[in-house]
Amino acid sequence: MAGPLVHRYEKNPILTSKDVPYPVETVHNAGVVAHGGGYVMLFRSHLKTGRSVIGLAESKDGFSFTVRPKPFLTPAEEGIFAEYEAFGVEDPRISCVDGEYLITYSAYSRHGVRIALARTRDFREVERVAVITQADHRNIVVFPEKFGNRYVRLDRPHSEIAPWSIWISYSPDLVHWGESRRIIAPVPYHWDEAKVGPGAPPIKTDRGWLSIYHGAFQTMGGGVYRLGIALHDLGDPSKVLGVGDEWILQPEDPWEITGYVPNVVFSCGAVPEDDGTVKIYWGAADTVMCVGTASIDALVDHCIKCSRRAK
Ligand code: BMA
């Protein structure tokens, strides 16, 4: 690969616990969308209990964010959501479908980890829709468009039997999901061999849907989380046109190497811009938020020209 595909913003990290007006230990794994002429970020924070809540920050330029005085989403206090969110809410992703923002997040409880879906139009009022997986699923991203009148999502179930892979599922109503199929698996002895999972909601390009995902590798010093990219067919996103063989981002800056969990870059959001670039956001070491920019064309080229062969 010639030169880095992702150019880190020189003032990283862009958001830390010190920027949050309520007590938190970390700021990481944030979903970000363009909204109202600016940017909205939903970020995860650990509290001193070790459990997580989701806060909201706003920005005019996508680099400099201001956090709202109160968290945006904390574990529900009643109903089905209360039971399944009791241990915390984590890793939000945001997709805009038909003018509505769909928020998927991990819901932890004594029953394991499931994914819940909420929706909002204005990031003021938020309505929980449903818990959309059984236990042991994480990392759901919803495509920003419907296909044949159905919502489509990528997710990552985990199991003791199969490698932790990226799956696709379909839904007519956001509540009932099915026709699930595995579409991207980790490659043995490769940077993503331990597991892969969807990162940011896919971005539409003229050559396919660009999907930023994370991959993990186990070392003697613990796991290393990196980012990779894949390209899905425009009309049928279950068809994977290419998966970049090399990672596009790995922990390198001091705040990516050291923190709550060392050696982690983990993305839940990316915002495509009119000038052909994309802002990629990532949590660093599960502690702070960072951003970088990349050329969308170069990322798509990487998926096609540097595609891995093995399944
Ligand atoms: C994953 C999730 C992420 C986290 C990552 C690195 O399994 O828990 O939320 O960022 O590990 O710790």
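In this predicted model, the shell of residues around the ligand divides into four nonpolar, one polar and five charged. The residues that surround the ligand are Asn29, Arg44, Asp91, Arg138, Lys195, Tyr225, Val261, Val264, Phe266 and Asp286. Three of these residues can be described through the distances of their side chains to oxygen atoms of the ligand. A polar side-chain atom of Asp286 lies 2.7 Å from a ligand oxygen, an N or O atom in the side chain of Arg44 is 2.9 Å from an oxygen atom of the ligand, and for the side chain of Tyr225 the corresponding distance is 3.2 Å. The ligand taken alone exposes 300 Å², and the protein buries 83% of that area.

The space that the ligand takes is the second largest pocket, which has a volume of about 240 Å³. This second largest pocket is lined by 17 residues, of which Asp91, Arg138, Lys195, Tyr225 and Phe266 are the closest to its centre. Strand 6 (88-97) and strand 10 (137-142) each supply at least two residues of this lining. By residue type, the lining of the second largest pocket is made up of six nonpolar, four polar and seven charged residues.

The largest pocket, by comparison, holds about 310 Å³ of space. Of the 16 residues that line the largest pocket, those closest to its centre are Val33, Cys96, Pro144, Ala270 and Pro272. At least two lining residues of the largest pocket come from each of strand 2 (28-35), strand 6 (88-97), strand 15 (203-205) and strand 19 (265-272). The lining of the largest pocket consists of 14 nonpolar residues, one polar residue and one charged residue.

Two features of the backbone were also examined. Most residues other than glycine have a negative phi, and most peptide bonds are trans. The peptide bond that leads from Asn12 to Pro13, however, is cis, with omega near -5 degrees, and Pro13 is found in the loop between strand 1 (7-8) and strand 2. The other feature concerns Asn263, which has a positive phi of about 60 degrees although this residue is not a glycine. Asn263 has its place in the loop between helix 2 (254-257) and strand 19.

Technical notes: Residues numbered from 1 in each chain as written. Predicted model: local features only at pLDDT ≥ 70, side-chain atom pairs only at ≥ 80, totals over all residues. Heavy atoms only, no water. 1 Å grid on protein atoms, 1.4 Å probe; cavity = no way out; pocket = protein on both sides within 12 Å on 5 of 7 lines; lining within 4 Å. Points joined across faces, edges and corners; volume = space filled by probe spheres on them. Helix = DSSP H or I, 4+ residues; strand = E, 2+ residues; numbered from the N terminus. Nonpolar A, V, L, I, M, F, W, Y, C, P; charged D, E, K, R; others polar. Near = heavy atom within 4 Å. Polar contact = N/O pair within 3.5 Å; in protein donor to acceptor, adjacent residues only side chain to side chain. Areas by Shrake-Rupley, 256 points an atom, 1.4 Å probe, with all protein chains shown as cover. Sits in = over half its atoms within 2 Å of the grid points.
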